[in-house]
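Trainee: I would like to learn how to read a structure feature by feature. Where do we begin?

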Amino acid sequence: MNFVDDHVLLKSNWFDKGGLISKTNCNVLLLYLILYKFRIHNQEHEHMFLTSMKMLKKETGFTLEKTYELFKLLIRHKIISCDVTRWDRYTDNEIMTVKSLEFPKTERIQNKDEEWQDKPLSEDDQYVSVDLKLMQYYLDLGLSGEEIALYCLLKKGRNKTEGKTLWSIDTMSQMLGLSKDKVHKIIMKLNRLYLLASVLKVSGSKVVQGKSVRVYKYEHYIFPRFNDLEEYRSSWLKDVIEGNIKRWDGSKGKKGNGRTRGKRKSSGIDEIDESVNELELVFDD
């Protein structure tokens, strides 16, 4: 079942430290997005949905118990409301009306290039625009709420001019409520699927234990739109991704060779420092 709309706006502050996602979990985000497969047409100023727990279970792939748990978390955090008043009398197939309470309020304006865009009505209405065609592609690939949440987070932190995100692994970990190791693994997975390009850059040098050390960091380029995927994949970023895959695969089983001293070993992405998005390479004299 496809999404009703091409895109949806999510409140940017959901992805802040201490925001909705870090307080709950990434699957709450996934369930909320799945609701947009059941959105009622012609509801410009309200986001209303007609669905059932069994339908939501089918689309998310969660167990019925998990679907209930996540749905009630959305209600508890006042993200949605629904017309079910007695859950003990509700049957799984029963159609219920659900309403979003937390979508950003915007107005449509034309920018200086005469392109239409959504202008937030307040600071609380700052948003992340999510391409739902791309999210369906993520789901078709078997990806989960964690990968979708990182996509949203990288879009939130995206430099509008260059399209890159510079947040550290530690920062992203806190924003998503995931371990640093899990963030490492998601970054590597999205690179391997050509949905994200993580560019290795020299950021300086320092002396560690009497040895000269070059300090590197990653700049992340998330691919934001489904319709432009092939364009991104045929650009210079394709070489970046293939270089990452070659380096990551080549580093397996080569610990202690004296050339690299990454701070993380368990994830297989030795190049990314867990705390500052930097890595240290010690070059032989």
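Mentor: With secondary structure. Helices and strands here are DSSP runs, numbered from the N terminus. Keep in mind that this is a predicted model.

Trainee: How many helices and strands does the protein chain have?

Mentor: Ten helices and ten strands. Next, look at burial. Of the 285 residues, 45% count as buried. Then look at contacts between residues at least 6 apart in sequence: 62% of them join residues at least 24 apart.

Trainee: Now pockets. What is the general idea?

Mentor: Rolling a probe the size of a water molecule over the atoms shows where empty space is left. In this model, the largest pocket has a volume of about 1300 Å³.

Trainee: Which residues lie nearest the centre of the largest pocket?

Mentor: Y127, S129, K155, R158 and K160, out of 36 lining residues. Sort the lining by class and you get 14 charged, eleven polar and eleven nonpolar residues.

Trainee: On to aromatic pairs. How do I read the geometry?

Mentor: Check the distance between ring centres, then the angle between planes. Over 60 degrees counts as edge-to-face. The count here comes to eleven aromatic pairs. One of them joins Y36 and F49: 4.9 Å centre to centre, with 75 degrees between the planes, so edge-to-face.

Trainee: Which parts of the chain does the pair of Y36 and F49 tie together?

Mentor: Y36 lies in the loop between α2 (26-34) and β2 (48-51), while F49 is in strand β2, so the pair links parts 13 residues apart in sequence.

Trainee: Is Y36 buried or exposed?

Mentor: Buried, with a relative accessible area of 0%. F49 is buried too, at 0% relative accessibility. Y36 and F49 also belong to one aromatic cluster with W14 and Y32.

Trainee: Where do the charged ends of K37 and K105 sit?

Mentor: Over rings. The charged end of K37 sits over F3, 5.1 Å from the ring centre. That of K105 sits over F103, 4.5 Å from the ring centre.

Trainee: Let us finish with a loop residue. Where is F226 found?

Mentor: In the loop between β9 and α9 (229-233). F226 counts as partly exposed, at 32% relative accessibility.

Trainee: What does F226 touch, leaving out residues up to four places away in sequence?

Mentor: D131, K133, L134 and Y137. Compare C-alpha positions as well: F226 and L132 are 94 residues apart along the chain, yet their C-alpha atoms are separated by 8.4 Å.

Notes: Residues are numbered from 1 along each chain as its sequence is written. This is a predicted model: local features need pLDDT of at least 70, side-chain atom pairs count only at pLDDT 80 or more; totals for chains, interfaces and linings use all residues. Side-chain values use heavy atoms; hydrogens and water are left out. On a 1 Å grid over the protein atoms alone, a cavity is a set of points where a 1.4 Å probe fits but cannot get out, and a pocket is an open set with protein on both sides within 12 Å along at least five of seven lines; lining residues have an atom within 4 Å of a point. Grid points are joined across faces, edges and corners, and a volume is the space filled by probe spheres set on the points. Ala, Val, Leu, Ile, Met, Phe, Trp, Tyr, Cys and Pro count as nonpolar, Asp, Glu, Lys and Arg as charged, and the others, Gly among them, as polar. Rings of Phe, Tyr and Trp (its six-membered ring) pair if their centres lie within 6.5 Å; planes under 30 degrees apart count as stacked, over 60 as edge-to-face and the rest as tilted. Helices (H or I, at least four residues) and strands (E, at least two) are DSSP runs, numbered from the N terminus. Buried means under 20% relative accessible area, exposed over 50%, partly exposed in between (1.4 Å probe, protein chains only). A charge sits over a ring if NZ of Lys or CZ of Arg is within 6 Å of the ring centre and within 35 degrees of the ring normal. Contact means heavy atoms within 4.5 Å.
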